[in-house]
Amino acid sequence: MQDFLLDILSHPFTWGLIAGLVLCVTVWRSGHVQRSEQKREIKRLNVELADLNKHLGQQLKITAAGNDTLNAELESLREKNENLRVSIATLQQKPGKAEARLLQVYDRAVHLLLERAPGFAPAWEAAIRDAEAHVADSESGLTKLVRRVTRPALSAPTTQTTSSQE
């Protein structure tokens, strides 16, 4: 039997078969190791992908909530702006507003007329035009604020009226 084993081992086919089997086992083993490493890598990447998807979902929810809040606030501000616009329009149409403006024009005209009294009618017309221009200018800008603070002094006597009464 030993001769038989020596005879088989000395044959070149047997050495080729043994070398092929060793090579086959080595390749199979390295492939198995690579497959197990790839499975671990795939599992790690799937966990990472799930974490990223979870984070992205949370981020989108936060962004959507913020956008909803901003849109609600914007709509509220638009509504307040429209209400204020309507209030301003209503206040400008308030009865007596035009009369108060005309009274202011006449008050200014009277004061100017008292300063330039040589001829009454032309001076009166010129004074009214000047007073209307002054009031129109004072309805915008800084003079509007001053006009609101200092309404026309209707009962304030001027120097000429007090001197004419004496």
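In which helix is Thr 14 found? Thr 14 is found in helix H2, where helices are DSSP runs of H or I with at least four residues, numbered from the N terminus. This is a predicted model, in which local features need pLDDT of at least 70 and side-chain atom pairs count only at pLDDT 80 or more, while totals for chains, interfaces and linings use all residues. Residues are numbered from 1 along each chain as its sequence is written, and side-chain values use heavy atoms, with hydrogens and water left out.

**Confidence**
- The mean pLDDT (the predictor's confidence in each residue, from 0 to 100) is 81 for the protein, and 79% of its residues reach 70 or more.
- Confidence is highest in helix H2 (residues 12-92), at a mean of 94, and lowest in helix H6 (residues 159-165), at 44.
- Over residues 154-166 the pLDDT is below 50; where pLDDT is low, the predicted coordinates should not be read in detail.

**Thr 14**
- Thr 14 counts as buried (under 20% relative accessible area, with exposed over 50% and partly exposed in between, for a 1.4 Å probe and protein chains only) because its relative accessibility is 13%.
- Leaving aside neighbours within four places in sequence, Thr 14 is in contact (heavy atoms within 4.5 Å) with Ile 8 and Leu 9.

**Salt bridges**
- The whole structure holds three salt bridges, each a side-chain nitrogen of Lys or Arg within 4 Å of a carboxyl oxygen of Asp or Glu.
- Glu 41, Arg 44 and Glu 48 are linked in a network, with N to O distances of 2.5 Å for Glu 41 and Arg 44 and 3.2 Å for Arg 44 and Glu 48.
- Glu 82 and Arg 85, three residues apart in helix H2, meet in a salt bridge at 3.8 Å, N to O.

Notes: Helix = DSSP H or I, 4+ residues; strand = E, 2+ residues; numbered from the N terminus.
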